[in-house]
Amino acid sequence: MCLSTLFVNPLDVGMTKNKTKKQIKAGKAVKNFTKELVKEDDNFTVMDTPSCSKMNSSIVSSVYLFSLTFIILALSVIIGFVSYIQTYNFADKSAERFSFKTGDSEHHISSQEGVVLQENEDEVFPSESVLIDELPNSQILSEKLETSSKSMPKKFMEHRKLLKSYRFDYEKAMSAREEAMKKYSFPYSVDGVDKRSNLSLEEFYDVYDGKWPVIITDVIPTWPAANWSAKTLKAKYGEARVAMMTYNILNQSDYGKDREGYSVPLGIFLDHINVSSHRSWTYLQDEVFLAQYPELRAQVLETIYTREDFFNLFPKEIRPWDCLLLWGTSYSRSTLHIDPYNWTGTNAVFSGQKRWKLLLPGQDGLLSVHQDATCGFPLECQKYNSKYDTYVETDQMKRKLKKLKYLEVDQMPGEMLFIPTGWFHQAFNVVPTLAVSGELMNRNNYLAVLEEIFQIGNLPRSVLPHDVENLSPQELVKFVMSKMPQKILDHGAEWTRNIIENLYNPSRQNQ
Ligand SMILES: O=C(O)CCC(=O)C(=O)O
């Protein structure tokens, strides 16, 4: 019991009011650590209480003295521990075991196998992070970008809106879509998601990109990654660490709160892939894994639809990483959200089945979006997460869904989904599902993305030239990036280094 009391203090250290992000993370790590120790202490107390009651007073005083010495020793250990995790952000729970729950099962993992990343964090870790390394083909992409800009108009009057506040005009985009549809002979769905093959880039830009979701069926089958399986990946990368989240939903209002992040070997995650329930599941959501294994990353190919990507013009320190590995048990699901920076999201399914709800823009008022949440990237942005889980089967949710306008679609292996800027979306893995997601900043959404970057205060709009309309989209993006404060770039580089060094290198050393 006294040990429990003792271990309360470090938790308070991490939870003081004006905490920095680093401190918050350190605080959470301490909380995890504390929880484990308290658990152990509870066991100790339960087992020893009966014999305690039989102790005589001399034994009691020696025990008291012994306890006092122990407390002092323990305090020094804790102080040392706190300074360690404040330096590194995340605690390596090197001398402990921990467990996670899926469904009714509890899985115990030794310290050699897993590391707690975070607990009850709003954002999946280390989702949407960036890496220091250049994209292997970024040079080639930039050249293609220059070529494609030749057909663009000379003046870009829309750029002027960025001087004050740019707002994506969805109605205008929809009118343009309707007009463009007349050019083509396809029987477009107006209340669903078209599945297309042989789609020209022109039709993609005219009818879908930035306007309406679309599933492309004929690109992924040509990717080597389409052949990834649990068996082959486990054989080669079973020891490699991945970021995994566990979710245990107790009721609707708990959605997203009761989750914990772990770094575990891929093999351990896969051993539990068939254990889940509607209220409890695990989800491998790792932005960095593929970047660390270039031979795997190279198996995820570019498509004609993703070639133009202005994120390649971002300094490498703050460029959002572009290939999030997603491997979920049945019932696993994302939050209902709009993507960071309001980018266009891509999602390629290799195996399994992913069910989507894609909400038409303009319904934010119905979604109870978390206020003031930030994405926590090196280049900060607003996070748009709804508190609702549209896959929870309550009467309240059924009523809510009746009011919402949304498309629903099942995405099958070999299919790639494009989610336009401004569309809230939630994915639900019907069966264990392996996918990668990415992002796009292109001719149809670059102003929305830049607006997010200005709005959160990464740099002031006053850096923009008064004749901003004379810059082409690419020139505008490059210009804004050239004004990015050095401290933001440094922070981005440091943040990424910390993640890789502290969480992923241990697995490599073991190989
Ligand atoms: O597949 C998922 O879980 C959702 C992915 C997603 O929405 C995203 O990457 O933004």
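Helices (H or I, at least four residues) and strands (E, at least two) are DSSP runs, numbered from the N terminus. This is a predicted model, in which local features need pLDDT of at least 70, side-chain atom pairs count only at pLDDT 80 or more, and totals for chains, interfaces and linings use all residues. Residues are numbered from 1 along each chain as its sequence is written.

**Stop one: a helix**

Select α13, residues 446-455. Its buried residues are Tyr446, Leu447, Val449, Leu450, Glu452 and Ile453. Buried means that 20 or more other C-beta atoms lie within 10 Å of the residue's own; exposed means 12 or fewer, partly exposed in between, with C-beta atoms placed from the backbone. An α-helix has 3.6 residues a turn, so residues three or four places apart point the same way. Then step just past the end of α13 to glycine 457, which takes a positive phi of about 95°.

**Stop two: a strand covered on both sides**

Select β9 (324-328). Five of its five residues are buried. Leu324, Leu326 and Gly328 lie on one side, Leu325 and Trp327 on the other. In a regular strand the side chains alternate between the two faces of the sheet.

Which strands flank β9? Show β8 (residues 280-286), which pairs with β9 in the antiparallel sense over four bridges. Strands pair if DSSP finds at least two bridges between them. Then show β15, antiparallel to β9 and joined to it by five bridges. Click tryptophan 327: leucine 284 stands opposite, and in β15 its bridge partner is leucine 434.

Around it are Leu324, Leu326, Ser334, Asp339, Gly345, Asn347, Lys354, His425, Ala427, Ala435 and Ser437. β9, β11 (344-359) and β15 (424-440) each give two or more residues to this shell. The largest share, four residues, comes from β15.

**Stop four: the cores**

A nonpolar core is a set of buried Ala, Val, Leu, Ile, Met, Phe, Trp, Tyr and Cys residues joined through C-beta atoms within 7 Å. The largest has 65 residues. Pick out Val242, Met244, Phe269, Leu284, Leu325 and Val436, which have the most contacts inside it. Finish with a second, separate core of 25 residues, including Leu162, Phe311, Leu313 and Val477.

Notes:
Near = placed C-beta within 6 Å.
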